[in-house]
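Open your viewer and get ready to click along.

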Amino acid sequence: MIAKLHVTKIREIIKETRRIKTFILDMKIKAQPGQFAMVWLPDVDEKPMALSYIDGYAGITVLKLGDFTKKLHEAKVGDIVGIRAPLGRGFKLRDEDKKILIVGGGIGVAPLAPLAEKAVEEGKEVTAIIGAVTKSELLFVNRFEKVGAKVYITTDDGTAGIKGFTTDAMRMLLEKETFDACYICGPEIMMVKALELARAKKIPSQVSLHRYFKCGIGICGACVLDGCGYRVCKEGPTFWDFEIEKCSEFGSYWRNAAGVKVYFKKK
Amino acid sequence: MLNIKVAGLELSNPTMLASGIMGVSGSGLKAVAVKGGAGAIVTQSISIAPREGHKNPTIYTMDDSLISAFGLPNQGYLNYREEIEQLKDTNVPVVASVYGYGIEEYVEVAKAMEEFGASAIELNLAYPNAGKTGSFYGQSEHLTYEVVRAVKSKVKIPVFAKLTANVTDIVSIAKACEEAKADAIVAIGPVGAMKIDIYAKKPVLANKTGGLSGKCLKPIAVRCVYEIAKEVDIDIIGCGGVFTGEDAVEYFLAGAKAVQIGTAVLYRGIRVFKKVCREIESYLKSQGYSSLDEIIGLAL
Ligand SMILES: Cc1cc2nc3c(=O)[nH]c(=O)nc-3n(C[C@H](O)[C@H](O)[C@H](O)COP(=O)(O)O)c2cc1C
Ligand code: FES
């Protein structure tokens, strides 16, 4: 079944950081970690957002960035939003994996917190590397700690944890420890590097991709990846390392609303 | 059993991907051609310059139908060249859907698409939600005639005219296509529609109105094909709500030689083309026919 539009209200708003808010919706859901919602703000726009709360009242966690997210940040409890969820294919926790590594950068941590919670529930040992530009922008560290995950923190400016990127911490960690599976979400260039590190140690990994969505349900073709032909909104947004290897545009470009390629800036 | 010749094109089966579905890039179309098994694929509608189309929400889903208004987004024909070129090794005919704001724009894009290797041109005279193009032309006998004639005089590959049912008399428009020497008629594009959410108290689509596609469209489209087939001799391709082989057979009996499939990709997956073909075949066998040709127009 294709999730239909459900118009609901904002039930609760949680200020996570200076630029990040969580919106709990008056709509119960049962989703997989990594699945997403198409979020409609009447008169503004409709955009994909990872579900950050997936069992019970649905939640999304939003970084204030462009027009849409700015408007969403202005919304109040009781305001109306339209939701199509859950959509896409979430992360896959495999029975045989006992010890997993989660690597999240910036707002990319949003779908990883429910993943950590579910993994612990299934009896897995969870280690997480959480990165942000600065201490005050770190997201959901408490959610990881609460379920007993071992947490490493990185900040670009060194205000908390290790000074540097999540991939710096990952490199150090993988020198002394190994994992059965790795789950990565963050800026695409970060994911490229993290995948390389995991691959070097032969750790099966999943990444969660971000692309421009129109339909969100696999019919318009806006989010199709070159090379592999996968739809990020349907076969994704999560992909295994062996799947993403076939997607030639990964780490190179995305397509804008017109379908024109936009190349990533390399750091 | 299912191979058929439509407007001079030899198709391995009578199912074509409808325009605007999975057509943003060559990779999406390739997935439909290769995994899906379509007999031909139609690109999204291409214009002169890149166009972003409408803002989201662009789609509203129902049980077996959609209301959508994407507004014909595309990269512009120059960028689209490499998308079309990716499809050459699939050996599935590529029909380039083109549109313009002005007859000369239709002609310019159509000529380019022929040069890039398209097997046929589909003139979008049907789409209702993108300003003075698409159905703006298809709602006038005179403009329909002029666009078709202008493009026919400049390209050698077959030219299809895709028509809208948002007209008083679709038969007169179809006749204008025939007089202008169109090679085939595609009937029909989405019918103007809208959805208002009663709690938001607003139209759901950013464009306010959209086009209806899917099962809801089928009875209207079958009627259009039937009426056109009675009066016009050029080939007809049915479009609207084909989900199953049985749906396709209705169109064949009404006089269509092929069908286009759009919305069903959502409800039955990319492999819907293969599924529909199997179902057509089993219908033909159960009814004692040995080829698709034998049933075209039987209900007329
Ligand atoms: C997402 C979507 C995008 C579409 N884009 C186009 C387009 O670019 N050009 C066009 O001629 N028709 C477009 N259409 C209309 C379809 O080609 C087709 O005429 C219509 O959907 C009816 O067929 P169906 O019921 O099988 O979907 C679009 C339809 C949908 C659902
Ligand atoms: S956003 Fe339309 S196919 Fe993915």
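A salt bridge is a side-chain nitrogen of Lys or Arg within 4 Å of a carboxyl oxygen of Asp or Glu. By that rule, chain A and chain B share 4 salt bridges. This is a predicted model, where local features need pLDDT of at least 70 and side-chain atom pairs count only at pLDDT 80 or more, while totals for chains, interfaces and linings use all residues. Residues are numbered from 1 along each chain as its sequence is written, chains are lettered from A and ligands numbered from 1 in the order in which they are written, and side-chain values use heavy atoms, leaving out hydrogens and water.

**Stop one: the interface.** Select Glu82(B) and Lys261(A): they form a salt bridge, with the closest N and O atoms 2.8 Å apart. Now show both sides: 36 residues of chain A are in contact (heavy atoms within 4.5 Å) with 43 residues of chain B.

**Stop two: the disulfide.** Select Cys228(A) and Cys247(A), which are joined by a disulfide with an S to S distance of 2.4 Å; the term means a pair of cysteine sulfur atoms within 2.5 Å. The torsion about their S-S bond is about 105°, so this disulfide is right-handed. Buried or exposed, which is Cys247(A)? Cys247(A) is buried, at 3% relative accessibility; buried means under 20% relative accessible area, exposed over 50% and partly exposed in between (1.4 Å probe, protein chains only).

**Stop three: a cysteine in chain B.** Finish at Cys277(B), whose sulfur is 16 Å from the closest cysteine sulfur, in Cys239(B), too far for a bond. Cys277(B) is also buried, at 9% relative accessibility.
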